[in-house]
Amino acid sequence: MGVSIMYKIMIMSCLLVTVYFSASSSVLAAPKEKEVSEIIQTVGWTKQDLKEFLATKELTLDDFQNAQALKEAIGTPITPDSLEELLHDYSMTREELDILLAGFNEKVQDYWNIEDLDVAIDFYQNHENVMANLETFLLNAGITDTEKNNLYTYFKTLDEEAVSAKVEQWQKKADFLNELDPEGSLTNAQQQELTSLWEDIASTLGVQPKFFKVDDNGKQTELSISDLSNTELSDTIAMELYDRDNNLLLNLVLSPEVLTTSFAVDAADKVVSLTKLSSELTTLYQSQLPNTASFAPLFLFTGYLLVLIGIFLLVKRSKQASNDK
């Protein structure tokens, strides 16, 4: 009797294992071409749309266990009805949504599904004031909407993964700005640290900054980084930023009236605010993978951080030069 029972148990175990692996093999099979066609037809996509969508997630069809997994990844299409329902959930109008996204250089058409858009709205609403304050600061610093658009357009040509991988490092390195004395000047070590951070960002973004001293007649004399430490506070300083093809992205001119301690403090405050925003964005995107929104905010962060650190570097170095006189 004991042998018979043991034999039956062994048979049942073998059957269960066989059934399990048979089921598993079907579950783990990649979606079939017919299933893929039906799914994209349902959401109104073409095969090219699907290819572009998967590319933004660094995925292929082989990464999905079955058709259902692919369908869940694609999410809910953005249609007039689904968008209206989302707007109702947030008690906002389409115009208000467009304004909110524009603050991060985005638009509804940048999103593939309603889920990604939902994540973005929730995050952006909580950080709208930070971006509004930054916009005001950049405007006061002389950076125009055209120049901001130049930055954004150029950033869209970059390797988004390479940039996002650097963001957390930059955020940590920029933390030391909190410890700077707003009334004092930079020490040699702080100058080196700030310059190193700034050059790393510029190198990663593939941009070339140039500095100039501008005299009363408007004549420009190019300055090296080391020259800046010997530049008098009474000099007007210009910073030009070029892309890798030597196209001018922006031209920032800081007059002696702008190069003040209060401006330096404000610049430092904006840099710190941006690094915090960047850290939260990075965490958000990592937690949402593979259902992330676009990387536009991270590009904006890196560009703005570069410009703000450049401003801060100019102000603090000019202050250092003045104190050395």
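Predicted model: local features only at pLDDT ≥ 70, side-chain atom pairs only at ≥ 80, totals over all residues.
A helix, as I use the word in this notebook, is a DSSP run of H or I that is at least four residues in length, and helices are numbered from the N terminus.

**Entry 1: Thr302**

I found Thr302 in helix 14, which covers residues 296-324. Is Thr302 buried or exposed? I read a relative accessibility of 0% for Thr302, and since buried means under 20%, Thr302 counts as buried. I then looked up what Thr302 touches, leaving aside residues up to four places away in sequence, and noted Phe155, Val163, Val167, Trp170, Ile201 and Leu205. I also looked up Ser278, which is 24 residues from Thr302 in sequence, and the C-alpha atoms of the two are 8.6 Å apart in space.

**Entry 2: the whole protein**

I stepped back to the whole protein and counted 14 helices and four strands in its secondary structure. Of its 325 residues, 43% are buried, and its accessible surface comes to about 17,300 Å², with 51% of that surface belonging to carbon and sulfur atoms. Among the contacts with a separation of 6 or more, I noted that 71% are between residues 24 or more positions apart.

Which residues of helix 5 are buried? I wrote down Ser82, Leu83, Leu86 and Leu87. They lie on the same side of helix 5, because they cover an arc of only 135° around the axis. This made me recall a general point: an α-helix has 3.6 residues a turn, so residues three or four places apart point the same way. On the other side of helix 5 I found Pro80, Asp81, Glu84, Glu85 and His88, which are exposed. When I looked for what covers the buried residues of helix 5, I found that the cover includes helix 6 and helix 7, the latter made of residues 114-125.

Just after helix 5 comes Ser91, which sits in the loop that runs between helix 5 (80-89) and helix 6 (94-102). I noted for Ser91 a positive phi of about 50°, although Ser91 is not a glycine. I stopped at this value because most residues other than glycine have a negative phi. Ser91 counts as exposed, with a relative accessibility of 68%.

I looked up a second residue of this kind, Asn246, whose phi is near 65°, again a positive value in a residue other than glycine. Asn246 is found in the loop between strand 3 (236-242) and strand 4 (248-254), and with a relative accessible area of 51% I recorded Asn246 as exposed.

**Entry 3: Glu240**

Glu240 is buried, and yet I found no salt bridge for it. How far away is the nearest side chain of opposite charge? That side chain belongs to Lys210 and is 6.1 Å away, whereas a salt bridge needs the nitrogen and the carboxyl oxygen to be within 4 Å. What I did find for the side chain of Glu240 is a polar contact with the side chain of Tyr242, at 2.5 Å. Beyond four places in sequence, Glu240 touches several residues, including Gln208, Pro209, Lys210, Phe212, Leu248 and Leu250.

**Entry 4: salt bridges**

How many salt bridges does a search of the whole structure find? I noted five, and I looked up some of them in turn.

The side chains of Arg94 and Asp98 meet in a salt bridge at 3.0 Å, N to O. Both Arg94 and Asp98 lie in helix 6, four residues apart, which is about one turn of the helix. Arg94 is partly exposed at 35% relative accessible area, and Asp98 is partly exposed at 32%.

Lys107 forms a salt bridge with Asp110, and their closest N and O atoms are 3.4 Å apart. I read 45% relative accessibility for Lys107, which counts as partly exposed, and 25% for Asp110, which also counts as partly exposed.

Lys166 forms a salt bridge with Asp200, where the closest N and O atoms are 3.2 Å apart. Lys166 lies in helix 10 (residues 160-174) and Asp200 in helix 11 (residues 188-205), so this pair ties together parts that are 34 residues apart in sequence. Lys166 counts as partly exposed at 23% relative accessibility, whereas Asp200, with a relative accessible area of 17%, is buried.

Notes:
Residues numbered from 1 in each chain as written. Heavy atoms only, no water. Helix = DSSP H or I, 4+ residues; strand = E, 2+ residues; numbered from the N terminus. Buried < 20%, exposed > 50% of the residue type's maximum accessible area, 1.4 Å probe, protein only. Contact = heavy atoms within 4.5 Å. Areas by Shrake-Rupley, 256 points an atom, 1.4 Å probe, with all protein chains shown as cover. Arc of directions from axis to C-beta. Lys, Arg positive; Asp, Glu negative; His and termini not counted. Polar contact = N/O pair within 3.5 Å; in protein donor to acceptor, adjacent residues only side chain to side chain.
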